[in-house]
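Dear colleague,

I am handing over the structure below, and after it I set out what was found. Please read it alongside the coordinates.

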Amino acid sequence: MPTYEVFLKPDGKDGFFHAGSLDAPDDEMAALYCRETYIRRGEGVQAWLVARQHIVTLDPKELEVTAHRQHASNDGSVVAQRRRARRQAGTE
Amino acid sequence: MRVWETMEDFDQFIVNGGTVEPGDDMPSAYRQEVFRFIEMHANSELFGGLCERYWVSRAPGVHRKLAFLAKTQDEIGHAHLLYMVAADLAVKSRAQMIDDLMAGRSKFHNVFHYKTHTWADQIVIAYLVDAAALTTQQAVLKQCSYGPYRRILRRIVSEEGFHMRHGEEMLLTLADGTVTQQNMFQAALDRWWEPVMHFFGPPTKDGDLLIRWRVKSDTNEALRDRFVQKFVPMLQEYGFVVPDPALHRNASTGKWVIGDIDWAALRATQSNVGPDSAARIELSKQSWDNTAWVREALHVP
Amino acid sequence: MTSAIFRNSPPPEINDAAATILLALADDEFMMGHRHSEWLGLSPFLEEDLTTASIGQDEFGHARALYALIWPSWEMRDADVVRRPPGSWRSCALTEMAGVPWEKSLIRHWLYDLIEPFRWTSATTAYGASATGLSALAERVECEEHFHRAHATALVQRLGAVDTARMRLQHALDDVAPTAMALLHELDSIDASQGAAATQAVLEAAQQASLKITHVSPTVIDRRVRHADAESALRQFVDVVAFDPDARW
């Protein structure tokens, strides 16, 4: 019997989040069981279910390297330095 | 998947506030400890639900019945969440965990080894036991190192909060009720105070692995004391007597001090030979066995 | 069961046809809620357990809403609902009988919920205009009942597809069918078109699940009389109240 991962979208501005998992014989039963296992008090206004075996997983090492692309972000320090320099030049 | 070369590396990772996830190559001792802890929590939620089941049909009125049914459903729901998380640790499957529980090979919390004699016993469970459980769970939720457990605890703790308020509401109904009702609650409190003290467990030993790996963040004594400081005055204010002749207030600190605890009864429940252990396991096992064909036909493991 | 348990504000006598039919529906819903709740912690697996518990809550909720329509000014309605003497309940054998083994409960859940929407349609068509709030309630109830039918049907069909499981379901159906037939017969005598539609729905559902409903000459339901299994249920309902009948619980 497949294990399903449950994603819920709460009411309001937030997107889907992972709520947990459940076991069910098939998609239709999983949909029936999802409601009472994870949404007993309106915890979600939308729900996604996906059989765990269908999830495509990426290698964390390949994700990690992207955290080091300094050229792709800008903390504003160069801009601050330039602005300071311009202000100083103007007052002289 | 993260790998730690040595146990020192792993310990350091935990000390630094790291969170372990199911895919990580965690030390097997950590895996076993976390698994055992979650499995026992799951078993206890399931048997707590079974214990309450008896009172759903007896609840006085439609409103109480509905509130009780929803609460009991939550407990079963917690068991479900916990078994799913425990199964992902790949120590035992869900079916193995249930099989072991039904065979009396697994542990569940001491309080669910007792019979609930009256409605007031059930209110003690709904209020004091749930409060005790909440005290321990909040301490785990605060900084538990195992990610999936901590995440589902957030949901569990919020639902336990509903239960506790519901329990206190019912307690107040008895406290403000007739003499019969007040006596009924006092009698239940007399039966349950010791098991509730036991619930937190014997004093934590030095080198406790659950504390070292930040599954638990407080010792059993600290949690018991936190509970005592809060609930002794509350029970007294509601007009009840805490059944501990040695209970007194420390004159200099102002804190409540309880008498020595006799651990014999706790040890009996830990070996599944508490007053109602056999009956509870048997009820569950019979139904589990009788419905095996359903799981087989639906390929439920 | 002592009479003292029942002495506080008994429900007002019901004389009109509308209230009689609504009370029958309300008490059936209440009994179904009770029977579902008996599976708490004992269902074949936990996902099923949680779903059964929710369906039970829905049924109790429907009963409560109907009691409020029937006895709008009855004080202490909530606690006294469960304190009525056996003779003033109006549930029927289908909902009162014990639901063991599990397949008997499933078959009862399936048949009862297949018939239920036709009872609501019949009641709202006949009395919707006179009973304030009935139509709105029926609409809300149907949202939940849709889920109940989907649940029962999904299970019966899947189990019906497995030979050994189907034999158990068939056995349970043989056991339960006469009481369900009696309910259909009653609906038929109140509202022939809804009765016919409900019978059709049940027969089609049975066929889809490869189950057979053996024809029996339907008995007439006397809702003043309790099924033998109701006695222990009614005793449980007043178990706590009996401790101090004058107290608020």
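Confidence and findings

Chain C has a mean pLDDT of 91, with 92% of its residues at 70 or more, where pLDDT is the predictor's confidence in each residue, from 0 to 100. Among the elements of chain C, the lowest mean pLDDT, 76, belongs to helix 3 (residues 77-81) of chain C, and the highest, 98, to helix 4 (residues 93-96) of chain C; helices (H or I, at least four residues) and strands (E, at least two) are DSSP runs, numbered from the N terminus. Where pLDDT is low, the predicted coordinates should not be read in detail.

This is a predicted model, in which local features need pLDDT of at least 70 and side-chain atom pairs count only at pLDDT 80 or more, while totals for chains, interfaces and linings use all residues. Residues are numbered from 1 along each chain as its sequence is written, chains are lettered from A and ligands numbered from 1 in the order in which they are written, and side-chain values use heavy atoms, with hydrogens and water left out.

In chain A, strand 1 (residues 3-9) is largely enclosed by the rest of the structure, because 6 of its 7 residues are buried (under 20% relative accessible area, with exposed over 50% and partly exposed in between; 1.4 Å probe, protein chains only). Strand 1 of chain A runs antiparallel to strand 2 (residues 17-23) of chain A, joined by 6 bridges, and A:Glu5 stands opposite A:Ser21 there; two strands pair if DSSP finds at least two bridges between them. Strand 3 (residues 46-51) of chain A is also antiparallel to strand 1 of chain A, with 6 bridges, and A:Leu49 is the bridge partner of A:Val6.

A:Val56, in the loop between strand 3 and helix 2 (60-64) of chain A, counts as exposed because its relative accessibility is 72%.

Best regards
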